[in-house]
There are 2 protein chains.
Amino acid sequence: MSLITVGTMAFDAIETPFGKTDKIVGGSAVYVAYAASNFVKPVQQISIIGYDFPKEEMDDLRSRGVHLDGVELVPDKKSFFWSGRYHADMNSRDTLVTDLNVLADFDPKVPDSYQGAEFLMLGNLHPLTQLNVIQELKQRPKLIAMDTMNFWMESAMKDLKIVLRYVDMLIINDAEARQLTGLFSLVKAAKAILEMGPKYLIIKKGEHGALLFHNENVFYAPALPLEDVFDPTGAGDTFAGGFMGYIAKSGDISFENMKRGIIVGSAMASFCVEKFGASRLKEVTKAEIDNRIRQFKELVSFEIELV
Amino acid sequence: MSLITVGTMAFDAIETPFGKTDKIVGGSAVYVAYAASNFVKPVQQISIIGYDFPKEEMDDLRSRGVHLDGVELVPDKKSFFWSGRYHADMNSRDTLVTDLNVLADFDPKVPDSYQGAEFLMLGNLHPLTQLNVIQELKQRPKLIAMDTMNFWMESAMKDLKIVLRYVDMLIINDAEARQLTGLFSLVKAAKAILEMGPKYLIIKKGEHGALLFHNENVFYAPALPLEDVFDPTGAGDTFAGGFMGYIAKSGDISFENMKRGIIVGSAMASFCVEKFGASRLKEVTKAEIDNRIRQFKELVSFEIELV
């Protein structure tokens, strides 16, 4: 099975209460690829980079089975750059700089070599850009998942509502679910979103875990209680990458298997936040992943007879 | 097995986005008793009431196996009264009125008929009042759990630190755990609290569930995702009552059984918030409780092979 992932490959400069970085490699498609490539090969990347994107990073991705035919290099422009500062609670942040650079002209094309992919993860981009990718595919994937954000709800809600009709799963956070529907109750918001098109909805709640909704079914995955969250940047994309990587590996899109996928995604996200950027994801081993999944299992396991 | 519960029996007037009540019966010991009496008899109440506390409420409690020998009636004063207004998010509220009335003179005595109780739940009161109850007991219970709040951390931290050395378990919310320790990370806060005396710590996170800490062990219980939280008043006390009632019924204070107790407490709290005050708790049936525990089990159950 193969997984196409569409999103940014970029530079971030991050400040947290624990320290700050200069420009480091980031971007949604980078996090998705590092997480997913632990489970499935190939991961087929669609993105756009400038002349400044490091060749070593591309080599590193390639060595993990990530295909880069769909990554457009613009020789006379810089890569997308984002800079942000996290508040003490690590749940909120201020954007300091957003330099679109190459991203302003991003018009993703699906290379022939990617056609026939069974899984598609659409990172947070303009809804019409996401839609274009879907329409470029000659064969509909088994599962199309997408991310989005408040910015598109404010500036392109009509387009967002259109692309939602074409995807199987939406992966957003709790604030985004509330904003998309105008409903405070996440249960009510979930019902409303499942009427908009997606058959599956994942609501990410950061340190409070994630919820999976499908028809009348709900699954709740905790986040691992951590001593420190060092840098939350990319945790949501890493979650999505771990989830889609696991699902693509198995090819099984049953609700039961999606539960497993969410645990795997949560495990990968718990590594991501341990160091700045994607650095922890690059070094994590299969044994560490297995061990962390075991921790998740222990964290929520209980046996009870009825009272 | 028997459970002593110490706390307020009072009147509340509550405003939520869904409506408002006149004075209705509330108080921590009332919620604990209604929740715990589903599992264990007798529940032995220690509290103080004024002339205005309804006789029918006392009869209702008695009919559920709640002993009231330890409830002092002050014939010329009113019962404790609290009034509050919840914000739209239901996680925060403003206190509008606090009339201590009889509570100003509360000096709880343990009746002879309560001596020998195996379980003790100390509701949120002045730490020295909580300590007095412990010291009145001729035989140390198998498990002493206590609640507290930010008010005592600000006004009686020294006394609070003393009583913490005498209890087995502290049950508080996330904001209180952070305030008690000055640590933002709940994992670090938990470690610090387990150094203060209690061997077990439950951190309640409202709609985000609850965490149980003991030595190096952590258990995470979700809250049930609900369409509406109608009135959160008493949910924390109901959780504690369900937990202690279940533990007292079984007499088993192993970590494994405490996990079950937390699920039961969470189930009882999920009923509490469905209606104003304790009204939903008064009508809930054993079949409904069993059904809800089943829902919790389904909510977090997953089977996974390692990756």
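Predicted model: local features only at pLDDT ≥ 70, side-chain atom pairs only at ≥ 80, totals over all residues.
Let us begin with how the two chains sit relative to each other. In general, two copies of a chain are related by a rotation about an axis and a shift along it.

Next, consider where the chains touch. Chain B brings 33 residues to the contact, and chain A brings 33 residues as well. On the side of chain B, helix H7 (186-195), S14, H9 and H11 each supply at least two residues. Which of the elements gives the largest share? That is H11(B), with six residues. Sorted by class, the side of chain B that touches chain A has 23 nonpolar, two polar and eight charged residues.

Two of those helices, H9(B) and H11(B), also pack on each other. H9 covers residues 255-272 and H11 covers residues 286-300 of chain B; their axes are 9 Å apart and meet at an angle of about 115 degrees. An angle from 65 to 115 degrees counts as roughly perpendicular, and H9(B) and H11(B) are therefore described that way. The crossing of H9(B) past H11(B) is right-handed. H9(B) contributes B:Ile263, B:Val264, B:Ser266, B:Ala267 and B:Ser270 to this contact, while H11(B) contributes B:Ile289, B:Arg292, B:Ile293 and B:Phe296. By class, six of these residues are nonpolar, two are polar and one is charged.

Now turn to the sheet. Strands of a sheet pair through backbone hydrogen bonds, either parallel or antiparallel. Chain B has an open sheet of nine strands with mixed pairing, in the order S6-S5-S1-S9-S10-S11-S12-S13-S14. S6 (66-74) and S14 of chain B stand at the edges with a single partner strand each, so one side of each has no neighbour in the sheet. From one strand to the next, the twist averages 15 degrees.

For a parallel pair, look at S1 (residues 3-6) and S5 (residues 43-50) of chain B, which are joined by four bridges. There, B:Leu3 stands opposite B:Val43. Helix H1 (residues 28-36) of chain B packs on the sheet and touches S1, S5, S6 and strand S9 (119-122); its direction makes about 155 degrees with that of S1(B). Helix H8 (residues 235-250) of chain B packs on the sheet too, touching S1, S9, S10 (143-146), S11 (169-173) and S12 (200-204), and its direction makes about 175 degrees with that of S9(B).

For an antiparallel pair, follow chain B to S13 (residues 210-214) and S14 (residues 217-221), which share five bridges. B:Leu211 has B:Tyr220 in S14(B) as its bridge partner. Two residues lie between the strands of this hairpin, and B:Asn215 in the turn has a positive phi of about 50 degrees.

Finally, glance at chain A. Its open sheet of nine strands has the order S6-S5-S1-S9-S10-S11-S12-S13-S14, with mixed pairing. Within chain A, S12 (residues 200-204) and S13 (residues 210-214) pair in the antiparallel sense over four bridges, and A:Leu201 stands opposite A:Phe213.

Key:
Residues numbered from 1 in each chain as written. Chains lettered and ligands numbered in written order. Pairing = 2+ DSSP bridges. Axes fitted to C-alpha atoms, helices over the stretch in contact; angles between N-to-C directions. Parallel < 35°, antiparallel > 145°, perpendicular 65-115°, else oblique. Left-handed = near helix turned anticlockwise from the far one by under 90°. Contact = placed C-beta atoms within 7 Å. Nonpolar A, V, L, I, M, F, W, Y, C, P; charged D, E, K, R; others polar.
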